[in-house]
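Work through these exercises with the sequence and model at hand. Try each task before reading its solution.

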Amino acid sequence: MSIKLWDWDQGWINTQIFEGHTHYVMMIAFNSKDPNTFASASLDRTIKVWGLGSSTPHFTLEGHEKGVNCVDYFVGGDKPYLISGADDRTVKIWDYQNKTCVSTLDGHSQNVSAACFHPELPLIISGSEDGSLRLWNSNTYRLEKTLNYGWERIWTIGYIKGSNSVAIGYDEGTILVKLGREEPAVSMDHNGKIIWSRNNEVFTANIKAALKDNLPDGERIPVVPKELGTCDIFPQKLEHGSKGRFVVAIGDGEFIVYTAVAWRNKSFGSAVEFVWSNQSNKGEYAVRNLSGQIKVFSNFNERHSFKPPFNVEGLFGGSLIAVSSPHYVCMYDWKECRLIRKIDVSPKAIYWSENGEFVTIACESVFYVLQYNKELVSSVLATGGQIPEDGIADALISLEDVPERVRTACWVGDSFIYTNTANRLNYCVGGKVETISHLDRHMYMLGYLPRFNRIFLIDKSHNVVSYTLHLAIINYQTAILRNDFEAAKNILPKIPQTSRSKIAHFLESQGHLQLALEVSQDLDHRFELAVKLNNLRVAYEIAKESSSELKWKQLGDLAIDCSNFNLAEECLKQAEDIGGLLLLYTSQGDYDNISELVNLAIKKGRNNVAFVCLFLQGRLQECLDLLTSTGRVPEAAFFARTYLPSKVSEVLDRWRKELEPHNSILAESLADPSEYPNLFPDFELSLDVENSFKKFKYSEFPASSYVKFKDDVERDPLSEVKSGSFQIPEVLDNGCLLYTSDAADDLL
């Protein structure tokens with residue numbers, strides 16, 4: 001029945017006791033606007049307000065018929081309000097200055113165990129032992145929504161200032177829910193003037209006045225807020241008209257249009273949704289009411305109304321009025337509200353370019369970019385003919401679709417700039433998506449100011465940041481997409497050198513490789529482009545400058561493809577591509593260079609290539625020496641048995657010595673043909689054939705001589721010796737061969 005105050009800085013000493021309640025104290029809450037006062041709720045049916053300087057209450061609020069379970073202070077604005085919930089199943093709002101009950105909220109069927117004001121939204125939240133969570137409008141005290149997750153009784157509700165999230169504690173566990181829009185109510189006009197709201201208060205700031213030279217990307221801009229006025233409704237959304245003269249505040253099922261400068265009420269009404277036209281400065285807008293009826297206004301006077309023949313889920317503005325259903329969206333013109341086009345997608349948002357030529361339809365996981373054929377639509381509407389059920393066929397032409405979910409976006413020229421759910425700031429031109437920056441938190445698009453070449457974003461705490469995007473880059477890319485290369489050439493000098501590589505990648509994506517090569521400042525990229533264009537000269541100059549082994553190898557392969565073998569040889573040497581040189585020299589039959597390649601291959605440890613070179617030149621003894629010197633003695637033994645039988649005993653002796661320390665039995669099992677001739681039939685004949693071939697002098701022959709020698713490849717010397725048909729070629733003085741058989745007639 002008492003309240004005790006403890007001082008944790010002094011070791012949790014009990015410094016004061018507050019007495020006055022006659023039953024259990026269920027909860028206390030400190031006043032954030034006056035930390036020296038607090039309120040307490042008790043089962044004695046009262047709420048008492050205390051001060052830290054007195055042990056007795058300042059005053060008592062009475063009105064509940066049963067015990068009070070919870071109490072909380074209103075934290076937003078200047079209202080001196082308290083909220084309480086009690087076992088009489090009611091929630092009461094109190095004015096603690098006048099000490100009166102402002103309103104009583106009925107609806108719960110069991111004890112109210114928790115109640116609070118939401119710190120960011122115009123909501124009162126109450127929870128009960130009946131398991132229901134009720135959301136009430138804190139301005140009108142109207143019940144907005146009832147939630148019941150079936151987790152038995154609610155005991156507590158928690159919130160965080162600066163967030164829309166609310167935590168609810170049940171018998172069965174805890175649930176975290178998000179209420180309202182995460183996107184802040186903020187808007188920026190074309191001159192950099194920002195308007196935002198905090199509860200019902202409206203503030204403004206001028207970005208241009210806060211910008212400084214050489215501002216780093218992503219750095220917070222120190223804007224100075226100025227109070228503009230108050231809004232008669234809690235604005236859940238603020239949006240400037242197309243020319244920036246008017247601002248609409250939308251919330252609580254109502255809208256109010258204000259003048260942007262003086263913040264004077266220009267128009268108001270009831271609406272679930274409100275959208276501006278982007279093609280008029282005459283206060284042209286449309287609203288949707290609860291029944292799905294669309295009303296169109298011009299000069300703030302209702303001009304037309306219609307009700308689409310389907311269940312309306314959303315309304316979007318721009319060059320056309322877009323009305324969405326669960327399965328498709330229909331576009332209507334502003335003047336007569338005639339159907340222009342029906343598109344089978346369900347949009348979350350629609351963004352129009354400033355000139356009305358392009359439109360982005362953002363869906364759940366993809367966005368579509370379409371081109372609006374305004375001339376065609378105007379001509380069809382002028383004829384007054386019957387429009388088909390799906391609208392005018394070519395009114396909107398699909399250009400591309402990008403599999404990304406858009407959070408916020410705007411058009412700058414023909415470029416679509418957006419933030420996505422992965423917290424990246426991107427822009428899309430011609431289907432090519434470029435990332436401007438990776439964001440460290442949720443940021444929302446404000447707009448683009450061409451004068452500063454910057455995109456401006458804001459977070460939920462109203463911190464403004466900016467990122468550089470040169471208008472010249474956008475204009476250049478737009479000119480390229482329209483194949484206006486002359487205009488692009490004139491714009492190019494305005495683009496900073498640091499952005500040229502980005503432009504080059506864009507040109508490459510559009511298939512303009514030669515232009516990309518001329519623009520790019522990045523050596524690696526220029527080399528890739530030169531290779532794609534088969535531009536050997538440029539690629540050679542870059543390879544010399546960079547001294548990259550990989551570039552030399554790539555250029556060597558390209559030179560071979562282009563039949564420039566001299567360049568290919570130089571590149572392969574620079575890259576020390578032993579395998580590539582082997583392929584080149586053997587393809588050319590270049591005997592001398594194959595000889596040089598042996599030394600290079602051995603130097604680089606490419607013994608396999610060196611072996612192939614030696615073998616191709618018939619340097620069998622050197623092949624054998626290479627195998628033994630590199631520890632490949634078993635292979636050397638088999639090689640000797642096949643090509644140099646006279647060396648078998650020598651190699652076997654070395655093999656035995658190497659095996660002896662490890663496995664003496666295996667070493668002894670190796671049979672030498674000179675010791676066991678019975679195990680090696682025809683070994684003596686192979687020695688005779690070897691001696692006969694030693695008389696043959698290897699000489700160089702042109703590749704054209706292959707036809708005359710091709711049969712020798714299939715010869716079997718041992719079989720020829722056995723049959724007596726083996727012929728020993730005679731080497732003539734001119735290096736040619738003379739056969740003493742029937743082939744002797746062929747003088748080579």
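**Exercise 1.** Find how far apart E541 and R537 are in helix α8.

Solution. E541 and R537 are four residues apart in helix α8 (residues 536–546), so about one helical turn separates them. Helices here are DSSP runs of H or I with at least four residues, strands are runs of E with at least two, and both are numbered from the N terminus. The two side chains meet in a salt bridge, 3.2 Å from N to O. That term means a side-chain nitrogen of Lys or Arg within 4 Å of a carboxyl oxygen of Asp or Glu. R537 is exposed at 54% relative accessible area, whereas E541 is partly exposed at 41%. Buried means under 20%, exposed over 50%, and partly exposed in between (1.4 Å probe, protein chains only).

Before going on, note the ground rules. The model is predicted: local features need pLDDT of at least 70, side-chain atom pairs count only at pLDDT 80 or more, and totals for chains, interfaces and linings use all residues. Residues are numbered from 1 along each chain as its sequence is written, and side-chain values use heavy atoms, leaving out hydrogens and water.

**Exercise 2.** Locate the salt bridge between R441 and D459.

Solution. Start with the distance: the closest N and O atoms are 2.9 Å apart. Next, place the residues. R441 sits in the loop between β41 (432–438) and β42 (444–449), and D459 in the loop between β43 (454–458) and β44 (464–468). The pair links distant parts of the chain, 18 residues apart. D459 is buried at 5%; R441 is partly exposed at 31%. The whole structure has 25 salt bridges.

**Exercise 3.** Classify the ring pairs that F274 makes with F255 and with Y285.

Solution. Use the cut-offs: rings of Phe, Tyr and Trp (its six-membered ring) pair if their centres lie within 6.5 Å; planes under 30 degrees apart are stacked, over 60 edge-to-face, and the rest tilted. The structure holds 35 aromatic pairs. For F255 and F274, the centres are 5.1 Å apart and the planes at 45°, so this pair is tilted. F255 is in strand β24 (residues 254–259) and F274 in strand β26 (residues 273–276), 19 residues apart. Both F255 and F274 are buried. For F274 and Y285, the centres are 4.6 Å apart and the planes at 25°, so this pair is stacked. Y285 lies in strand β27 (residues 285–288), so the pair ties together parts eleven residues apart in sequence. Y285 is buried, at 0%. F255, F274 and Y285 belong to one aromatic cluster, which also includes W276.
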